[in-house]
Structure formats: structure tokens, C-alpha cells
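Please look at the sequence and the model together before reading on.

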Amino acid sequence: MQYLLLIYANERDEGALDPAAMAAIMQEYQEFTKSIVQAGQMKAADRLKPTSSASTVRVRNGKVVTTDGPFAETREQLGGYYLVEAKHLDEALAIAARIPSAKYGSVEVRPIWPAMG
Amino acid sequence: MDTHKRAVHEVYHREAGRVLATLIRLLGDFDLAEEARQEAFAAAIEQWPARGMPVNPCAWLIQIGRNKAIDKIRREVVFRTKVMDREAATAEADALVENPDADAAAFGDDRLRLIFICCHPALSMEAQIALTLRAVCGLTTQAVARAFLVGEDTMAQRLVRAKKKIRDAGIAYETPDPSILDQRIDGVLAVIYGVFTEGYAATVGAELMDAELCREAIRLGYLLDALLPSNARIMGLLALMLLHDARRAARVSSAGDVILLDDQDRTLWDRSQIDQGLALVERSLRDPSPVSHYAVQAAIAALHARAACKGATDWPQIAGLYAVLLRLHPTPVIELNHAVAVSMVDGPERALDLVDSLAARGAVREYHLLHAVRANLLQRLGRLDEARDAYQTALETAKLEPERRLLKQRLARLASYQ
């Protein structure tokens, strides 16, 4: 079985951390990632940019409706994900609009932090 | 203001958006380009009085802005990499900046790119309008803040967040792909119309209209029409704005009171602006593409503009156009206007049914005009007590001082009948 582990935290609290505290958390993340890589359990992982960079795509009556901000409907639940490569936001939004569930649900489009070198 | 300062000011008003648009392409960064634009105009104020205005002020400003930005990039590159030798730093800085190709077509494309980036649907509507006014129209942050009735700091924050979103989300500085161009044009038109309606019918405060916002919206309409010529929807919106704005001088009395269409002095209407609007609405409606709601609204405004006096208004045709509009773009406001037109054709009783059905759906209970229209219909039906109650409710929900004064007048007149 594969499992998707979704990480939730308060962005504002995280943003308010001092550099030393932030560095300590990053160190912890590196150690954790290394441990699951070594255990052969790691499939993929990425850090998302904050929700202020998010857009949401819905297709209603054949029209693509793009809105500012993250997905916010409590009546809908997370059902899956695609990780895609796109030249710019418009290309990512166009792909999102082709996801079948966009016709009745929502697709949140969140950029990913570039991998650290 | 001395002549030189005024000259720079005029160039700023005309070219600010154009200079910024090209600087963003050359520098690849919104903030850097805005700063460069500011420095370029500061240099113009300093240098033009002594050396005279350059032959091509726009190219001069872009050149100066670009050079200032390169200096800044160089300083930062040197700062970032203290050990890097100066030659390498210079090479890196130069690589960041292309040479400006000063041909008019490239300028046009740049402006279009800037409009599309400012009106990107991944930004909130509020952010789109604010960014368009600041970046494309060149309004100061202070002026944009005034238009939104918020403090300058709040507006500055909003603009910073919008630009951060553009950067973080990867919104491209490109005109949209042809497959989504139509939809994105609709978004741009919504922003321009948003600027216009905010100026034409401010939603709170003491003043009824903000003429500067109306002018900027019309300017944006002309700009878009020049960049994407013969587009029926753009012509429709431009016609709509011109025809409404042509009535500006007649809409408010010298005491600042609202004057409704019926009571306006039609000699105060701007005839040349009406003629421009009429020509555009005809071109828009002749286009084979599906008719836009802007063009239909412009056609309604055209019928009002053509009537020499209120008795000459072609109400049956206006009611018909509102019925079309209800199919194209059903909103509570249009439904209400449709009811008003119906009252002029079929009488107040049928119109009251339409208004009551609208009110029963609860969509606009807080909207003062619904109650004002209801009151007027009830009055015409001789149901004066109910009319008074409806005017009272309208007064409780109206937020603009001039509109409140008008409602109080109506109430007083109603009391004199009883």
C-alpha cells in the first residue's frame, strides 16, 4: 500500500519563527527524509509555497473559473493529486481545468519551492 | 507648477504605463521596473529643464530607467558575491538586461502584457483593479487608496501582496495563449468596468462620482481598443462607458444632489461623447460575433441618449433589450432595471410583481434601489402608505449622502399628497 502524508501547519506561526528555530526544523526534516529514504519508504516529497500563492480552478457550464486563494469549501474533501511541470501559471491552470473532477469539484494549484541545491 | 514640471507631468500621465510595461519586459521584475520608472521620471524633472525635452521622451525614460536598474543590479550582485571579481559581476548584470528595441509594435505588446498580468484571474478582483490603476494608469498609491476608501498603508500592502502573488505563483509576463485569450479579455473588461462603476456610482461616502476614475476607465477602454482593434466586446464596453459618462454634468446639481435621468437637463449632456458612443455601439452590434452584455447595455444607453426629451424615450425597445440582457447576464440589478422599463410599457402593476418576486428571492434585500423602485411603483398605484414604508426602508439601506437626500425629498413630497 502507498500512503500520502499531508502536512498541515499554521503558516503565520511558521513565518514568525526566528532563523535559528527555522534552521532547527529544516535540520529535523532533512534527518527525517534521510531516514525514510534509507528505509526504502520514500516515494516523493515537496514543500509547497504558502497559500498566498495559491489559485483555485473550477469548470462550470463548460467555462473555466479561476479564483485567487486556496481551496476553501468544507463540503469537498481531498481526493487526489497530480504533480506537473508547467512553464508558467497559465499552463498549470489549463492542465488543472482538464482534470475531470474540476467539473464538479475544485482543483487547488499550488507552486512548489524549487528543490534546494 | 512651472512649464517644465507640467511637461513632465503630462508625459507621466500619458506614458507611465507604457514605460513601466517595457521596463518590466527588459528587467523581468515588477518591483525593480516600478522603482526604475520612478527614478527615470525623477531624472526627467531634474534634466529636462536644462537640456529640453528629448525627441522621444518615452524611449529616453525607458533608457534611463533601464540604466538605473542595471546600476542597482550591479551593486546588489557585487554585494551578494563579495569575492566575485568586478568583471564577472558586470557580465552577469548585463546578461540580465536585453537591449531595448524601441519599435512601436513592441511597446504595444508590452502594454498588452502588462494589462493581462494586472488583470490575471488568479488575483482577487480588488487586487486586479488596484494593480491596473497603479501600474497601467500610473495613479499614485495614495490615489488608488482614495478610490478604494482605504488608508495608503493598507493599499501599499495590498499592492505588495499582489506583486508577490505574481512572482510566487509564476504568472507569466506574456499575452495569453490564443485558446484562452477570449476569456482573459472578458476578465480585463470586468476590471475596466469595475474601475468605471466605482467612479460612476461610488458605493459609500459624501460624493456621488469620482470623475478621475471614470476618465481612467475610458482611457483604458480606448487603449485596449487600440491594442486589440475591432473587438466587438471591447467596443461595446467603451460605448457603454462613453454614453453613461456623457451624462455626468447633468447627474448632479450644483448643491451635490442626485438628478435622475427623467429630470436631467439634456442640454448638459456631452454631445460629442454621445456621438462617439453611438458610433461604437453600432460597430459593436454589427459584428458577427455573439453580442456581449456590454453592447446591449450600451444600446439601452444609446436609446436614452437619442431621446430629445423623456417623453420621446423608446420604452418598448428598452424593455425588449433588458429582456435580452436578462438572458445574457442575469443579475439582480438588471432584473430591477427590466422591471422599471416594464412599468413604462405595461404599467406599474406588472412591474411591481417583478420587483416583489425579485425581493422574495432575497438577493437584494439590502439594496436601497430595490426599495426606492418599489416605493415609486406603489406611489403610482396610489398605495401611498406602502410607498412611504418602502421609501423608509430605502433610506435605511442607502449609504451615499446625495442619494439619502433624494429619498428624503421623495418622502416629503409623498407626505404633502396625503
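N61(A) sits in the loop that joins β1 (55-60) to β2 of chain A. The model discussed here is a predicted one. Although N61(A) is not a glycine, its phi is positive, about 50°. The residue has 6 C-beta neighbours inside 10 Å and therefore counts as exposed.

| Residue | C-beta neighbours inside 10 Å | Class |
|---|---|---|
| N61(A) | 6 neighbours | exposed |

The domain assignment divides chain A into domain 1 (1-43) and domain 2 (51-109). A distance of 25 Å separates the C-alpha centres of domain 1 of chain A and domain 2 of chain A.

The two chains meet where eleven residues of chain A are in contact with 16 residues of chain B. On the chain A side, β2 (63-68) and α3 (89-98) are the elements that give two or more residues. The most come from β2(A), which gives three residues. Sorted by class, this side of chain A that touches chain B comprises three nonpolar, five polar and three charged residues. For the model, the scores are ipTM 0.84 and pTM 0.84.

Chain B contains 20 helices and zero strands. Of its 418 residues, 38% are buried. Among the contacts in chain B with a separation of 6 or more, 59% join residues 24 or more positions apart.

One of these helices, α7 (residues 141-148) of chain B, has V144(B), A145(B) and A147(B) as buried residues. Why do the buried residues of α7(B) line one face of the helix? Seen down the axis of α7(B), they fall within an arc of 160°, so they share one face. The packing partners of these buried residues are α6 (125-136), α8 (152-169), α9 (178-200) and α10 (211-227) of chain B. After α7(B) comes L149(B), with a positive phi near 55°.

The largest nonpolar core has 120 residues, of which L243(B) and A298(B) touch the most other members. Leaving aside residues up to four places away in sequence, A298(B) touches G236(B), A239(B), L240(B), L243(B), G277(B), V281(B) and S284(B).

The mean pLDDT of chain B is 87, with 90% of its residues at 70 or more. Among the elements of this chain, helix α11 (residues 232-245) has the highest mean pLDDT (97), whereas helix α4 (residues 86-96) has the lowest (56). Residues 98-102 of chain B have a pLDDT below 50, and this stretch makes eight contacts in the model beyond near neighbours in sequence.

Definitions and conventions:
Residues numbered from 1 in each chain as written. Chains lettered and ligands numbered in written order. Predicted model: local features only at pLDDT ≥ 70, side-chain atom pairs only at ≥ 80, totals over all residues. Contact = placed C-beta atoms within 7 Å. Helix = DSSP H or I, 4+ residues; strand = E, 2+ residues; numbered from the N terminus. Nonpolar A, V, L, I, M, F, W, Y, C, P; charged D, E, K, R; others polar. Core = buried A, V, L, I, M, F, W, Y, C linked by C-beta atoms within 7 Å. Buried ≥ 20, exposed ≤ 12 C-beta atoms within 10 Å, placed from the backbone. Arc of directions from axis to C-beta. Domains from an automatic or database assignment. pLDDT = per-residue confidence, 0-100.
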